[in-house]
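I opened my notebook for a friendly look through this structure. Here is what I looked up, entry by entry.

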Amino acid sequence: MKSIYNLILGALLLFGASACENFLDVNENPNNPQDAPISGLMTNATYETALNVQRIGSITSNYVQYLASPNPASSSDVMDPLNYSGTWFNLYNVMTDLTDLISKAEESDAGHYLGAGQVLMALNLGMTVDIFGDVPYSEGFDFSAVTPTYDDDEQLYGEILSLLDRGIQNLSGPTAISIGDDDFIFQGDVDSWLKFANMLKGRFMLHTKDTGSYNETELLSALDNGFSGNEDDAAVAFFDQRFNPWAQVAINNENLLLGGWISTQFVEALDGTSYPTVDPRLPLMIGTTDDGEFIGVPNGAGRGDAPEQGARSTLIPGQFYTSELSPLLIATYAEQKFIEAEAALMSDPNRAYAAYLEGIEAHMDMLEVAESEKEAYLSDPSVSVGAGSLTLDAILKEKWVALFLHPETWNDARRFDYGYKDMTLPANLNSNLNNQFIRRLAYPDNEVSRNGENVPDVTLLDRIWWDQ
Amino acid sequence: MKKNFTYLLLLLFCFMLQGSYLLAQQRTVSGKVTSTEDGEALPGVSIVIEGSSTGTVSDLEGNYSLVVPGPDAVLLFSFIGFATQSEQVGNRQTLNIALSPEAGDLDEFIVTAFGISQEKKSLGYSAQSIDSEAITKMKQPNLVNALQGQVAGVQVTNSGGAPGQSARIIIRGINSLDPGADNQPLFVVDGVPVDNSTIESSGTPRGLSNRMADVNPNDIESMSVLKGAAATALYGVRAANGAVIITTKKGKEGQIRVNYSGSVGLETLNRLPKLQDEYGQGFSGEYQPSSFWPSWGAPIAEVQQTVPDHMYQDNWNRAFNTGVQVDNSVSISGGNEVATFYGSFGNLMQEGIIPFSTWDRTTAKLSGSVKASEKFDFSGSINFSNTGGNRVPHDRFMERMMYWSETTDVRDYINEDGTMRTYGNTNPIYDARFATYEDDVNRIIGNINMNYNPTDWLSFSYRLGNDFYSDVRTEITPGPKGIDGEVALSSTGLLEETRINSRDLTSNFYITLKKQFNADWNTSLRLGNDIFERRYDRVTARGENFVIPEFYNLNNTTQIFAGQGKSLRRLIGYYGDLMVDYKNYLFLNITGRNDISSTLPKDNNSFFYPSVNLGYVISENLSLPSWLTFGKLRASWAQVGKDTNPHILGATYASPSIFPLNGQVGFTRNSVFGDPNLRPEQTTSVEFGIQTAFWDNRANFDVTYYKSNAKDQIIPVPISDATGFSSYITNAGEIENSGFEFILGGTPVQTQDFSWNINANLSINNNEIKSIREGIDEIVVGSQFGYVGSTVTMKLIEGEAYGNIFGSSYQRLGADPDNLFLDRSLPVIIGANGFPVRNGTQLILGNAVPKWIGGIRNDFTYKGFELSFLVDFRTGVDQYNQYNNFLSAFGKNEFTEAREDFRVFEGVLADGSPNTQEVWLGQGEGPDGVDYGAGYWRNHYRTTSENFVSDASFIKLRNLTLAYNLSPNILGNTPFRSARVSVAANNIILYTPWDGFDPESFSAGAGGNAVGFTGLGFPGVQSVFFNLNLGL
């Protein structure tokens, strides 16, 4: 009797012990692969980089008064500290993927992927530093630290420019794998990547104009290798499956999910109120009221008792910036011309003036302004001031118009101390700002709650290193 | 650890074998069991030798015969509805006994782990069960709802009133810090764990079913709730939140019985918010016939003078239908000494109160058992169900009701050509009719059991169970029909086909050894092996933009997206369960289990956990005063390990669902990283209880204290995005639940014709988050939208309870800036504009987990009549009322009638002096010349969460039943053995401070933990049923 039970028990235990190993070895993820192809990382990185430009643009457009909230004392208008945990995540998510892309490109001698990855890393890191200042980077991306420390923003600028230089070098060299349609920005055109890298070099160097590390010659020579026309613009065209996010804002607004309302500042700068000219671009950029008028909302004041629709100018579906398939602009020839104009203003006013006019024209061509209207505007004495009378104010005003909804404008605005004509503090301004404009974004709540010990203690008036 | 355990088992095993030859003095006792009531024979009475599992059942004539170990053996006679009696055998060969109808539910048997029927007296932990009558009386299509209010410590919440909608069950509080954890108990049907998940729709909420709704309540014999870890140590990791053990009806020896039960139910909205009927369509007090704004216009009476058909339509009452439920069930059962069978068919058809909401269930069940020999028997059952219906988008329906003009008939929704009739806004009923979402679930739950008893002290049992279902879902939103001027529901239309296949397999083998050492000591040991596998696969294909309008096939769309999610989880467990019974008054139970899970890292995937519990029946040991019939003390200590979800370890890459775009598929590093060194979670719980009965069971009282600590919780810890990940799944944090449960019952009156039974339960649960992880301040469980900064968030914070709702509030004078809680007793600060000043920093406004829950059930019988009612309540619970947030934004609450009034807001100015400034509540320029913009309700009231987080307590008449059983005299002339007619009413709100729809409804569905948000959930319903039961 006894032996039977011992046998059964033994068999039971044996069964358990031997079968367990294989039977239980089924935990590998069947939905998400352990590794990703370099081209897949490129696709997502180019797509998400364009979206990051838009995401930051949607934050800064209220600060530079392109847009205004329909609600009074809206936090985005009155420069309250807001929680941009989502934007922070998106920036770091792309930089994480780019880290993987760069290391895979190095492993497989894919020099062009390596270069493009470095350029995109420079752009995303640059956008992050420009809005937040000190941020984690050197201890980031590989989970070596659960609470990564923050790097100094000035040092990070060194890294940005170095990434661009390395990117240019790698894009100019050989590659074991060529970039193709997986690249949503240039579809694998390496020449365009090189121009883009040089243009970005110009953009980030311009930020340092008021610092000791500024080098005008290097900036202008980088621009010489930059874009040569609108056709070179770095942009991602949108898709039937996924509409351009500004188009989505306009569509949502039509469906009463309010957004994309235009600031009075913007309307008045273009409708002949603040400046003598009526800008022909206005009707191509924003919508009118039901009565065909352009009426903005004063930032911070809200729409008063105006109804949700038809009484104010908003983004409307179907225009240049707001069509379903519209490209999201990452960097444009027009912007490059205004960078050139500003950089050359002191040393070479003629070059500056030519670049200024070229910048306006490039933007008007982009919007397909009628030739006659374009000429009329360009020949207006308030615009064609002549090389001798060109001012930084004029350059930055035109750059402000040409970079509609683009986050780069906030960098300009801070360097320019928000000195745009007639630009005033929003109504109901955040009282902690002591009647000054916002100078940076607050570190997001997620970061404070997850990495609080490393997050620098700053106020919204503490400036980024280049904005001193 | 595994080795040690094996060693321990072997030791125990040897210990058992040693004594096994001491069996002596065996002999047979036989007799007849009758009822004291009428002296008739009682068939099917369970006769067990006390302290053992050896026993038999009386036959049709009430006769039994049983081999007993000796003269000291005590036989326990038990039968449902009768008081259990015990009788020492002595020298008798014949032992006849008469059982009396039961006065309480004290000595009943309860089905515990692996479907083993255990005498409740012997349990060292608290367990409660309800029988088939208590289940079917409730007239709840969803089995989970039948537990509502009936069991202490068990909170069952209807997620809404949709046909087939899920219900959530939580036992003794929430045990996990993981916002995505399923905190619900394991459901076990006839010893086989089954799936009770709720898979919500991917888009707008549609109130889908929890999978237990697939089971026909008419097939259920009893449900036991095993609450503590002690009760569930033997089910392993999956029962860490408790277990609900369901036993289905079986055939009984005797003649063939046929039972029919049928009912027709009608349901209506049980509660509406208080709404205004004075102001109509428009804005700023002006009437506009095509305005988006449903209720900010001019007074309706005023406009009516010029527009005669402009009138209040009472849409909120008219939009809802009277729901109908038709339930038919027939069963046939019977058997002889060798074999028994039970078969049933059931069909339920339900139409809900939101037009076009339906749910049907068709079930078929067959079970049988065969006693092949004295030593070998086997049984099996198969249960098929087909369920599903059209799940209307209730959130969207209610949202569109918000926008719909109160002066336009919502029922007049369709034009002759089939397009929507509207003044501009989307008609909610048109949407509910055409934007369909149908699910069709086919499910088979089956099991096979085999028992081999080579000797009377040894048995081998094997059980194989499966739970397989396929869930076919089709969502359609039509695009434009191509008719000029139509307002389409979607500019493109969409078709989404979802196919879910899930298969659970359970294998369970165990050996039972029994040993009686002498008259005082009885032991039994069970050793077993348990294997579980769940395979799950979901495929989704979505097509957008129909080429041919109204032809719904994926091939007819221009955009197609597809996705897939698979998972496989396996578990192997070894367990041992030793029961020791000393003199029938001291019961010791020790269990140990070792689980090996596929979901954990290989080095840590095997884990052992023990439990011990002790029951001491004082009344069997000491002589107590005669009024104290029964007294027992219980104590238990138990641990339960817990694994995690499959496929979460390490780092992976994911392709965002937006791809492919332009033929390219992008990849991104998954932002979740699963700790490669993950360890199993561990919950330790202790429980103490006292069970007493007085005056011959006229009254009984049971109190339990419990405390459980879940440590080393496997939770997704949020980490800095800069690390390359956002969430790190690791062991972190501890949560504690403790509380008391009180059960009071009895039979205050019991006479020949009249009886009154009462059963009440009350429980309190305290929850505390003991720790999260160093450097991590909070975990967000969920949030819900509110207009302009009134969005609320449920967050977990160390030192606080689960379920705190954070939101914006009014500034208070003298508020402590460090206080996380809003102190509503402090005066509100009024701003220079005369309105309360808002505080955007989110404070704790309330807690969504009820502190106290309870129920009281009364059953009266008088001759053939029965009257019973169940009242349940919850209190100490707050909820975010999203309905009121929307209603106030659109000027629909009754209180927004105050829109042409002046008001001095109660409060103080910043300097502490009382506010005296009068302000106007309307829109635009007031009579005082001040421009009030969009007015108080839109600019102030709706922006502050404080106004919408309020007390969601209730007292409900859960069920009221009046029944009449036809007397045998009348039935004598008919073919029927029994007949019963009854009327029942359900879910009637007796009291609630809540302003709105039924406060029980919430939007997360049974699977979600963010319970404190009403969303725009399917409103609760009350119902009345007419029932007929016939027995042949």
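Which residues have the most contacts inside the largest nonpolar core? I found A:V119 and A:L200, in a core of 129 residues. I took a nonpolar core as a set of buried Ala, Val, Leu, Ile, Met, Phe, Trp, Tyr and Cys residues joined through C-beta atoms within 7 Å. Helix α5 (residues 111-132) of chain A gives the most to this core, with 13 residues.

A note on the source: this is a predicted model, where local features need pLDDT of at least 70, side-chain atom pairs count only at pLDDT 80 or more, and totals for chains, interfaces and linings use all residues. Residues are numbered from 1 along each chain as its sequence is written, while chains are lettered from A and ligands numbered from 1 in the order in which they are written.

Next I checked A:L200. Leaving out residues up to four places away in sequence, A:L200 touches A:V119, A:A122, A:L123, A:L164 and A:A331 (contact: C-beta atoms, placed from the backbone, within 7 Å).

Then I turned to the chain pair. I see 60 residues of chain A in contact with 56 of chain B. The chain A side splits into 26 nonpolar, 20 polar and 14 charged residues (nonpolar: Ala, Val, Leu, Ile, Met, Phe, Trp, Tyr, Cys and Pro; charged: Asp, Glu, Lys and Arg; polar: the others, Gly among them).

Last, I asked about A:G272: buried or exposed? A:G272 is exposed, because 12 other C-beta atoms lie within 10 Å (buried: 20 or more; exposed: 12 or fewer; partly exposed: in between). Beyond four places in sequence, A:G272 contacts A:T277 and A:V278.

Note on methods: Two residues are in contact if their C-beta atoms, placed from the backbone, lie within 7 Å. Helices (H or I, at least four residues) and strands (E, at least two) are DSSP runs, numbered from the N terminus.
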